[in-house]
Amino acid sequence: MGEAAHRYDETLPLEYRTQESRLNILGFWIFLGAEVALFATLFATYLVLFQRTGSGPTAGELFEVQDVLIETLLLLTSSFTCGLAIFEMRRGRISGLIAWLLVTLLLGAGFITFEIREFIHYVHEGATMQTSAFLSSFFVLVGTHGAHVSVGIGWMILIIIQLLQRGFTPKTARKVFIVSLYWHFLDVVWIFIFTLVYLLGMVI
Amino acid sequence: MKWARWRAVLVLPFLFLFGGCVERTAVLNPQGPVARMQYDLIMWSVGFMLFIIVVVFTLFAVFLIRYREKPENAGYEPPDEEGNTLLEVVWTAIPILIVAALAVPTVKATFALEKPPTEKVKPITIHVTAANWKWIFSYPEENIETVNYVHIPAGVPVKFKLTSVGPMNSFWVPELGGQKYAMDGMETELILQADKPGSYMGRSANFSGEKFAHMEFEVVAQTGTDFRKWVNEVKQTAPKLDEKKYTQILKPGLVGRMTFSNTHLQWIDHAKQNSHHADGKPMKNDDQSDEAMTNSHHHGE
Amino acid sequence: MKWSEFFVTGEPLIYAADVAIVLTMVGIVFVLTYFKKWKWLWNEWLTTVDHKKIGVMYIICAVLMLFRGGVDALLMRAQLTAPNMKFLDAQHYNEIFTTHGTIMILFMAMPFIIGLMNIVVPLQIGARDVAFPYLNALSFWLFFFGALLFNISFVIGGSPDAGWTAYFPLAGNEFSHGVGNNYYAVALQISGIGTLMTGINFLVTILKMRAPGMTLMRMPMFTWTILITCVLIIFAFPVLTVALALMTFDRVFGTQFFTMANGGMSMLWANLFWIWGHPEVYIVILPSFGIFSEVVSTFAQKRLFGYKAMVGSIVGIAFLSFIVWVHHFFTMGAGPAVNSAFSITTMAIAIPTGVKIFNWLFTIRKGKIRFTTAMLWSLAFIPNFVIGGVTGVMLAMAAADYQYHNSYFLIAHFHYVLIAGTVFACFAGLHYWYPKMFGHILNERLGKWTFWLFMIGFNVCFFPMYFLGLMGMTRRMYTYSAGLGWTPLNVVATVGAVLMGIGFIVLCYNIYYSARYGERDMTGDPWNGRTLEWATASPPVHYNFPVTPVVEDVDAYWVMKKKYGGFHVKEEDLKPIHMPSNSGRPFWMSVAFFVAGFGLVFKWFALAIVGALFIVLGLILRSFEDDDGYHIPVDEIKRMERAARKGA
Amino acid sequence: MGANSHRESFPWKHIIGFLLSLVLTFAALWVALSSGLPLKAVIVIIVVFAVIQASLQLFMFMHVNESDSGRIQTFNMAYSFFIAIVVVAGSIWVMQFVL
């Protein structure tokens, strides 16, 4: 870091104004690239194992379209509202930003609630992580995504607090922007979980 | 392969230099068509590799000697050259050609090794089960089983169907050909063939735990008639294997050679355990195999 | 759990190690207290975010790990010297080769490379520090505590014993009951997270923080290789993260990924391991290529031949490295089509590698070669690496690989590429950049002794192994019988290993000797270097450059020297410099990782949760932190510059 | 600077992206469960839909190509998708014989 860290450019949106912010945002994008590789490995594991059900139930026996659809719509909508939050931030409206972030949070919490319910339901049916390779890979893949969403919720809460404390600064704006990237990314992962885990599991 | 022999001559001095001799150097002493195919491929590659080594080492030596800093050339200023497109194209093209020259026979051999080396003789099948730390050989057609040694007819392709109870092992008889893994819940196939009667050392090439170093076995190649004779002898004299005895054999530890006049395949085939493509082969009473059968039952198809 | 299971017992070697560890600890505490150095240790090192200090700490750890891995190697060679030796028992031998492999790759080669890149890359691109200095400190401490966790397995709980590849089901609960492989899974995980962050950090640093005028195609070759290595790290390490996580789940929580029942599949582990494992090989070899490029060009006193082709070949190698992994298990039965495809992609790597070899050869052609120690290592690399490389091509030929696989032929091959590639590069880089790190030169005479002992020892040790492999000796055998004819070559190999050990001792002595009597480097440019790191003082002031240099061509500093007679700083150009603040948090957060990891290893979940809570606490505190660093005023810069350049 | 140089007063991009996502989700659901297409066709179609939807997120919501690092970001994501395909398809291909 040097003077560059404080190179300030008024023409850019708030979150891009300092060199430090630009570095952070790029770094986070690259981290997301690593996350793609991480989830790809989990998907590869799941796809290799999902028909190896041992003595446990199969995907077709387990999944229910209704639950999955509700989770999908919740997360999809939360990604949209998160986008709206950034839109509001770029218009300089902090109340709009916080409002949309709160909606996003609520939708995310709803998603997590449904997911936990789904997991509990499976466990009650005797389908646990230890039952078969299929279920191990299912719980770890979907669970890793769920853990990411939970982390996202906690993180967003921290940032809302900072927004309330400090208002719009290049730093808080950058943090909001980065958490929004994270949130959208989780939706991208979910799209593939929806397709390759649930839809595929229900057709094969 | 006159050319290959000639190249072998280049390697041999090294072997003698290091106190080995050809007979000891199992990989370079092929005793069957499979090993020979691999030997030829190895020798073919060794030629190119020696060529590369000679070229690089020569350039290296010449440049080092000519261009070192000496009091005489104190005023010499090395030229500021960026590169030389022509040269760079040349030393990109030559490796490409060499790789191509190696890739074609490699692909051919890789495919060829999956088939018996000869069509004329009907191959025999031997199931190989690796366990901690012994090799179990089952002859499904002859209905006999051996432990830690295996008899095969010379001149006949042998299909070894490999699996494992427990850690992964690798089935390797260097004089007869390359290895393949024996893995739990899987079946891999390795085809070998011996030219003539003889005894060949085999061993596990993949670390499988404490006593792995002792996982050796002997491959005894016999003439067709001797082999038949041996099979009949085993059938008449060897004891029967039962599940209790078999479970005992599977226990981790070392055992000597054993011979039985039936096979464990009657009640369990470890290759079918836990796999997706279970064919629902009937397995008898014992708990383990029952479980194995349900485990491997595929619900979706 | 009983105490006798907690502490490893039974072997005199282990008791000796226990005593040595306790004595060392007491000694360190005593020295720090006696000389009142605790505060210095904390302020200058444990909390530092300075890339140069972090780099030095990486290298110190790497050298320590080289010692540990080397002792493992010598023990193995001792056991294999003669047939039926009773020096080590099977279990002990198995633990030793497992830790040898794991330590040498993950805790020696990688940190050595990462240490050098920490020190050199920001200097080479004319930056003040890396993009994320705080994260850099965290990376180091995660690596450090990961390595520590792995190493304590030796005395607490038992070492992993399933090979550095940890193939299942051997490494699973069914066959590995102790905590050894838990250590493997957790310790590698912790240091792996650190490595991933290093990758992101340096990628952003190189892409965004280069000095004005330094376009991508003007970057020094070492920086180029690090850039590409970062890409490999970023996309390969998540795969390891997942593989190790699944291993942890299987071993600690009883899932069925790689088990023998309920659909588990051991081949999946091999597949995931090598998807990471092959790029990993290039993560340690590409930077080595970079180091050799710098050293060869400096001491041939001539610019690197075919710069563009060199860049292209690095990119090509990196690309190919992700699509060759199956060659590590050609013998697993995937069928001829799969094997042929991966065979061809593997052989294709030889093409860009060959291009590089010829480019180095033609760099020294028409040069004026100075045989410094660093140059000797770099020159020795060429023939030795070619031997390793061509045997690599032979191994890549699937049908022939069935005969080499898992034999000593393979062992010889990968030691030829990893030692002649990575270890030679680490030594070359150490000698080359040593004055930049510490301000004095490593003694050349002792350096040459190290070189010849180690290089000859290396060949004596590993060349016979090619033939042992062809004779049917397989890797990881703790003993062999007398009638096989393997004895003479094994004796030769052991002699070679001893020579390498002596070479290492000479190196350590050299470090001590040079610190006391070594020639001080007052110029900052002892080798007549070509790249920007030589434009600063040795060692550089913590802000690196008083003003950011402007780059006009490849070999930026060389051009400056030709055109302007050096890098001149006018005092009126000085502006206050912004620097990041030190932080103790990376250190204690990594301690928390260590505690959580330790809990996980022993399934003491309460402890693991406590550790995890501290990690979360650290993250929250970081999020709320509002520290923008500090500025160094111009007068202070003037003072420090004069002090650093005194005597120049 | 792409998306943010002209400040819009209404989030058209987001709304279009959201609606398209919904359409693609339901379309994939229909293809999978009610279309009666052969299995291979179903798999291809739903995977293609997923990829389109992911790109929608990346470009409409995440603005992957904005800022002075837009090209790096885009290349980074493209390469990570390439790696994802290698890992997933490669693993399946390599282990097909035991699946």
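At what angle do helix α2 (residues 33-66) of chain B and helix α3 (residues 85-112) of chain B pack, and how far apart are their axes?

## Helix packing in chain B

In this predicted model, α2(B) and α3(B) pack at an angle of about 170 degrees, and their axes lie 10 Å apart. Angles over 145 degrees count as roughly antiparallel, and the two helices are therefore roughly antiparallel to each other.

On the α2(B) side, the contact is made by Met37(B), Leu41(B), Trp44(B), Ser45(B), Phe48(B), Met49(B), Phe51(B) and Ile52(B). Their counterparts in α3(B) are Ile98(B), Ala101(B), Leu102(B), Pro105(B), Thr106(B), Ala109(B) and Ala112(B). Classified by residue type, the contact of α2(B) with α3(B) comprises 13 nonpolar residues, two polar residues and no charged residues.

## Salt bridges within chains

Over all chains, a search of the whole structure finds 30 salt bridges. One of them joins the side chains of Glu15(A) and Arg90(A), with an N to O distance of 2.7 Å. Glu15(A) belongs to the segment before α1 (19-49) of chain A, whereas Arg90(A) belongs to helix α3 (residues 65-90) of chain A, so the pair ties together parts that are 75 residues apart in sequence. Both partners are buried: Glu15(A) has a relative accessibility of 1%, and Arg90(A) has a relative accessible area of 14%.

In chain C, Lys561(C) and Asp525(C) form a salt bridge in which the closest N and O atoms are 2.7 Å apart. Lys561(C) is located in helix α18 (residues 556-564) of chain C and Asp525(C) in the loop between α17 (487-517) and α18 of chain C, so this pair connects parts that are 36 residues apart in sequence. Asp525(C) is buried, because its relative accessible area is 14% and the cut-off for buried is under 20%.

A further salt bridge in chain C links Arg622(C) with Glu625(C), whose closest N and O atoms are 2.6 Å apart. Arg622(C) is partly exposed, with a relative accessible area of 36%. Glu625(C), at 22% relative accessibility, also counts as partly exposed. Elsewhere, salt bridges that share partners join Glu15(A), Arg90(A) and Glu66(D) into one network.

## Interface of chains C and B

The contact between these two chains draws on 96 residues from chain C and 87 residues from chain B. The area buried between chain C and chain B is about 8,000 Å², and carbon and sulfur atoms give 70% of this area. Within chain C, the residues that lose the most area to chain B are Lys368(C), Tyr402(C) and Gln403(C), which together account for 10% of what that side buries.

How many salt bridges are counted between chain C and chain B? The count is three. Glu81(B) forms a salt bridge with Lys302(C), and the closest N and O atoms of this pair are 2.8 Å apart.

## Interface of chains D and A

Chain D contributes 52 residues to its contact with chain A, and chain A contributes 49 residues. About 4,300 Å² is buried between chain D and chain A, with 80% of it on carbon and sulfur atoms.

Two salt bridges are found across the interface of chain D and chain A. Asp68(D) forms a salt bridge with Arg22(A), with the closest N and O atoms 3.9 Å apart. The cut-off for a salt bridge is 4 Å.

Definitions and conventions
Residues numbered from 1 in each chain as written. Chains lettered and ligands numbered in written order. Heavy atoms only, no water. Axes fitted to C-alpha atoms, helices over the stretch in contact; angles between N-to-C directions. Helix = DSSP H or I, 4+ residues; strand = E, 2+ residues; numbered from the N terminus. Parallel < 35°, antiparallel > 145°, perpendicular 65-115°, else oblique. Contact = heavy atoms within 4.5 Å. Nonpolar A, V, L, I, M, F, W, Y, C, P; charged D, E, K, R; others polar. Buried < 20%, exposed > 50% of the residue type's maximum accessible area, 1.4 Å probe, protein only. Buried area = accessible area lost by both parts, 1.4 Å probe.
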